[in-house]
Amino acid sequence: MDPVVVLVLCLSCLLLLSLWKQSSRKGKLPPGPTPLPVIGNILQLDVNDISKSLINLSKVYGPVFTLYLGLKPTVVLHGYEAVKEALIDLGEEFSGRGHFPIFERTSKGKGIVFSNGKRWKEIRRFCLMTLRNFGMGKRSIEARVQEEARCLVEELRKTNASPCNPTFILGCAPCNVICSIIFQNRFDYKDKNFLNLLELLNVNVKILSSPWVQVCNNFPAFIDYFPGSHNKLLKNVAYIRSYLLEKIKEQQKSLDINNPRDFIDCFLIKMEQEKHNQQSEFTIENLVTTTSDLFAAGTETMSTTLRYGLLLLIKHPEVTAKVQEEIDRVIGRHRIPCMQDKSHMPYMDAVVHEIQRYVDLLPTNLPHAVTHDTKFRNYLIPKGTTILTSLTSVLHDDKEFPNPGVFDPGHFLDKSGNFKKSDYFMPFSAGKRICAGEGLARMELFLFLTTILQKFTLKSVVDPKDIDTTPAANGFASVPPSYQLCFIPV
Ligand code: HEM
């Protein structure tokens, strides 16, 4: 038979098979737009603003709907009720991690972010315990963040009050906090190894946000057979992993099981305790992947939020003035800010919450998956189905936060100026898979921002009225536009 005919026949069979698979599962899944063969609903999504596409689709299909990203169905949950019902009320069922093919090549299901089942539970429990304030030996996490805040201020002083783009310096500080937690030492902001590590993380976030990687994630065959930026991402991850492996080997030589210095030591001690257990999850492979996960999850998230936060503060000088008045009153100009101060600083607390709410860092969260066949409302979602939760729809709910598009710390204050909690505050997600670094992130945001505002007046280089705070990119992460500001010592 003519090879062209064979090819056409094969392709037709594949198309029919995919259509059949889609329709046979559809009956149990929530409604959604009709997918095209092979590419599914990809053309109905704006890859540069997926969150906005989801808002539009939810207006047609309601708060729970199905999208086909390629051949696979993804159930989208939109709005507080649906997100809470899944992540909190059915926490166990919705605690799986959804597919992220590009990372499956590097993580191979190990570590914390992309693992599942027993492995994820054990590693997560260990991380949470170790990341608690006094989880690692004598030096508390708070002391490590305070030290970094002091170094950050020194670095900002070197700008001599002249206009600067704060991206680089605000990237160094959170990366150094992770370095200090994982392998005890922070780096000088000019250290070559450190700068290289930062650069690789930064390039990876950019590649991760590109439409090409979305294509690779939906058509994993592209990852193995096509050239493209995903190969650079894989190479960078491989480099970071080999760097971490070297560090681990160094620490193994000087390990004192009675005196853990950092996260790696704590993990190595656990490995030692479980060395006779064949099924133990405490292996070198899991240690390398977990530390690499902490770097990836804890660096760009923090630096982008800090950078966006300062932009909002120069756009709203009246808010900044009120924060500085509170800092002067509660801490003064000289004492180092500490976490205990937070309970006496409701305005600052509200400002930090409002920054995170407004920024909406990860608009569609990381993908989840259901761990069993799950009945949800009137639907049956098959085990393993990817679940996308719209955090934007919760953080920008207009009943909970009137004028959600406006930056207003009043969203988190009651009439008497006390801090007001909200169940809709979900930048870290919710439920069993909630950000494992939430405590650390909140500590860094409070201590870094308070220390900066204690020591500097922020000055915009343009009229605050002309500052545009709409995100420059809104794909996987929401990224602020590039800007300059001056740090004037007080
Ligand atoms: C402003 C800062 C941060 C934000 C907004 C943020 C947000 C998030 C979100 C939305 C998730 C996904 C949760 C889910 O799957 O439902 C996540 C996961 C995670 N984050 Fe963060 N994060 C931040 C900082 C950090 C830091 C500093 C660390 C470092 C320790 C960290 C470590 C992790 C880890 C390990 C996970 C995976 C948890 C798991 O799969 O069980 N994050 N984060």
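Predicted model: local features only at pLDDT ≥ 70, side-chain atom pairs only at ≥ 80, totals over all residues.
What is the volume of the largest cavity?

Let's start with the shell around the ligand, which counts 28 residues. Of these, Trp-120, Arg-124, His-368, Ser-429 and Cys-435 come nearest. Sort the shell by residue type and you get 17 nonpolar, 8 polar and 3 charged residues. If you like to think in helices, look at α5 (117-131), α13 (284-315) and α17 (438-455), each of which supplies at least two residues of that shell. The largest share comes from α13, with 6 residues.

Now zoom in on the polar atoms. Ser-429 places a polar side-chain atom 2.6 Å from an oxygen atom of the ligand. Arg-124 has a polar side-chain atom 2.8 Å from a ligand oxygen.

Next, the empty space. Rolling a probe the size of a water molecule over the atoms is a way to see where such space is left. Here the structure holds 1 cavity of 30 Å³ or more, and the answer to the opening question is about 60 Å³ for the largest cavity. Its lining is made up of Lys-342, Asp-349, Val-352, His-353, Gln-356, Arg-442 and Phe-446. Two or more of the lining residues come from each of α15 (346-359) and α17, and α15 gives the most, with 4 residues. By type, the lining of the largest cavity splits into 2 nonpolar, 2 polar and 3 charged residues.

Notes:
Residues numbered from 1 in each chain as written. Heavy atoms only, no water. Near = heavy atom within 4 Å. Polar contact = N/O pair within 3.5 Å; in protein donor to acceptor, adjacent residues only side chain to side chain. Nonpolar A, V, L, I, M, F, W, Y, C, P; charged D, E, K, R; others polar. 1 Å grid on protein atoms, 1.4 Å probe; cavity = no way out; pocket = protein on both sides within 12 Å on 5 of 7 lines; lining within 4 Å. Points joined across faces, edges and corners; volume = space filled by probe spheres on them.
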